[in-house]
Amino acid sequence: MLDRLESSETIHALFGGTFDPIHYGHLKPVEALAHEIGLQHITLLPNHVPPHRPQPEAKVQQRLQMVELAIAGNPLFSVDERELHRTAPSYTIDTLEEIRREKGENLPLAFIIGQDSLLTLHYWHRWQSLLDYCHLLVCARPGYADTLDTPELESWLAAHRTTDANILKQQPNGLIYLAHTPLLDISATDIRQRKRDGLSLDDLLPPTVQRYIEQQGLYR
């Protein structure tokens, strides 16, 4: 199925998040991204202490268990637990540096983010160094602007943007690809509120995750 690119190179793709809980708004766009550009595998990186957002409601092991339930039987995905073992904030640049050391300088490495994260990327720790270690693959998100805040940021995006997915496999880092992924208006915040309000979570997250939330008494 994932045969649209002819290059023999592979991209080591990473997708980080709090996953509190993991849901179809995470999974379906990155599955579509994999098909669009020929990703053979995506590694999920659950955060421990996210530095730019409120702290998770579910415990570390609960969030990890939900991720594992969500991807069970899907060979596209695996989980990397390294950030969950940190007590300090999980800065993406630190993880990318570590993985780059492990994988070597030549492997194409990509970090998947949403359009919302692209718009606030300039607030991330050492954000201007991210492309020294990876490509950025950006999934579309509904309701977010198409342009960055300043002309300087727009120039930065234009300087690194590519519309040719094949090039992502031909160099290890430095490019930004804006993907044509489905616009799913699903958020973990909304799921947690719906749970508190006693509303249905059907079609928002995998049934195995929904059952786990019930069993653990989460988001009450």
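**Ground rules**

I number residues from 1 along each chain as its sequence is written, and my side-chain values use heavy atoms, with hydrogens and water left out. Since I am reading a predicted model, local features need pLDDT of at least 70 and side-chain atom pairs count only at pLDDT 80 or more, while totals for chains, interfaces and linings use all residues. My helices (H or I, at least four residues) and strands (E, at least two) are DSSP runs, numbered from the N terminus.

**Entry 1: the cores**

I began with the largest nonpolar core, which has 40 residues. By a nonpolar core I mean a set of buried Ala, Val, Leu, Ile, Met, Phe, Trp, Tyr and Cys residues joined through side-chain atoms within 4.5 Å. Buried is under 20% relative accessible area, exposed is over 50%, and partly exposed is in between (1.4 Å probe, protein chains only). The members that touch the most others are Ile22, Leu39, Ile42, Leu44, Met66, Ile112 and Leu137. I found at least two core residues in each of several elements, including strand E1 (12-17), helix H1 (24-37) and strand E2 (42-46). H1 gives the largest share, 6 residues. There is also a second, separate core of 23 residues, with Leu45, Leu96, Ile99 and Leu131 among them.

Next I looked up the neighbours of leucine 44, leaving out residues up to four places away in sequence. Contact here means heavy atoms within 4.5 Å. Leucine 44 touches Phe15, Phe19, Ile22, Val67, Ile71, Phe77, Ser78, Val79 and Asp80.

**Entry 2: H2 against H8**

How do helix H2 (residues 60-71) and helix H8 (residues 207-216) pack? I read an angle of about 150°, with the axes 8 Å apart. Axes are lines fitted to C-alpha atoms, for helices over the stretch in contact, and angles run from 0 to 180 degrees between N-to-C directions. The pair is therefore roughly antiparallel, a label for angles over 145 degrees. From H2, the residues in contact are Gln61, Gln62, Gln65, Met66, Leu69 and Ala70, and from H8 they are Thr208, Val209, Tyr212, Ile213 and Gln216.

Most residues other than glycine have a negative phi, and most peptide bonds are trans. Aspartate 20 and proline 21, however, are joined by a cis peptide bond, with omega about 5°. I placed proline 21 in the loop between E1 and H1.

Arginine 126 is not a glycine, yet its phi is positive, about 50°. I found it in the loop between helix H4 (115-119) and E5, partly exposed at 35% relative accessible area. Arg126 is also touched by glutamate 97, which sits in helix H3 (residues 92-103) and counts as buried at 16%.

Aspartate 203 has a positive phi too, about 70°.

**Entry 3: leucine 204**

Is leucine 204 buried or exposed? I read 16% relative accessible area, so leucine 204 is buried, whereas aspartate 203 is exposed at 67%. Leucine 204 lies in the loop between H7 and H8. Leucine 204 and isoleucine 22 are 182 residues apart in sequence and 9.6 Å apart in space, C-alpha to C-alpha.

Conventions
Parallel < 35°, antiparallel > 145°, perpendicular 65-115°, else oblique.
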